[in-house]
Amino acid sequence: MNNQYVRREVFCRNTCHELKRFWEREIGKQTYYRESEEHRLGRSALRKLREEWKQRLETKLRLRNNADENEKRANVGRELLASLTQEDSKH
């Protein structure tokens, strides 16, 4: 009866070790694949293109907003000038 327990213990120890090695290899493979994919994406031109387009759009928006603000200022200036000339013509 003791031989059965010893054999199972030895068998279990080897099996547990094999399972541990198997999962360590699987985890290693997955880590390698993930790192390879991250590296590939880092070299991808798509990310760079998206960043360039984002910067271009932001620049266009800033220019348009500045143009709108300048136009508003010009309108306020024209209105002020018109009101001043109307007051001067009354006096």
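1. Lys-29 and Glu-26 form a salt bridge, with 3.5 Å between the closest N and O atoms. The term means a side-chain nitrogen of Lys or Arg within 4 Å of a carboxyl oxygen of Asp or Glu. Both Lys-29 and Glu-26 sit in helix 1, 3 residues apart, or about one turn of the helix. Helices here are DSSP runs (H or I, at least four residues), numbered from the N terminus.

2. A word on the model. It is predicted: local features need pLDDT of at least 70, and side-chain atom pairs count only at pLDDT 80 or more, while totals for chains, interfaces and linings use all residues. Residues are numbered from 1 along each chain as its sequence is written, and side-chain values use heavy atoms, with hydrogens and water left out.

3. How exposed is the first pair? Lys-29 is partly exposed, at 40% relative accessible area. Glu-26 is partly exposed too, at 24%. The class lies between buried (under 20% relative accessible area) and exposed (over 50%), using a 1.4 Å probe and protein chains only.

4. How many salt bridges does a search of the whole structure find? It finds 3. Side chains of opposite charge can pair when their charged atoms come close.

5. Arg-34 and Glu-38 make another of these bridges, at 3.3 Å from N to O. Both residues belong to helix 1 and are 4 residues apart, about one turn of the helix. Arg-34 is partly exposed, with a relative accessible area of 45%. Glu-38 falls in that class as well, at 47%.

6. Glu-37 pairs with Arg-40 in a salt bridge, and their closest N and O atoms are 2.6 Å apart. Why are Glu-37 and Arg-40 separated by about one helical turn? Because they are 3 residues apart in helix 1. Glu-37 counts as partly exposed at 36% relative accessibility. Arg-40, at 41%, is also partly exposed.

7. Now the nonpolar side. Which residues form a nonpolar patch on the surface? Leu-19, Phe-22, Trp-23 and Ile-27 do, with about 430 Å² of accessible area together. Areas come from the Shrake-Rupley method with a 1.4 Å probe; for residues, only the protein chains shown count as cover. Patch residues have over 30% relative accessible area and no salt bridge; nonpolar side chains (Val, Leu, Ile, Met, Phe, Trp, Tyr) are joined within 5 Å, like charges within 9 Å.

8. Phe-22, one of the patch residues, lies in helix 1, which covers residues 2-43. Phe-22 is partly exposed, with 36% relative accessible area.

How values were computed. Helices (H or I, at least four residues) and strands (E, at least two) are DSSP runs, numbered from the N terminus.
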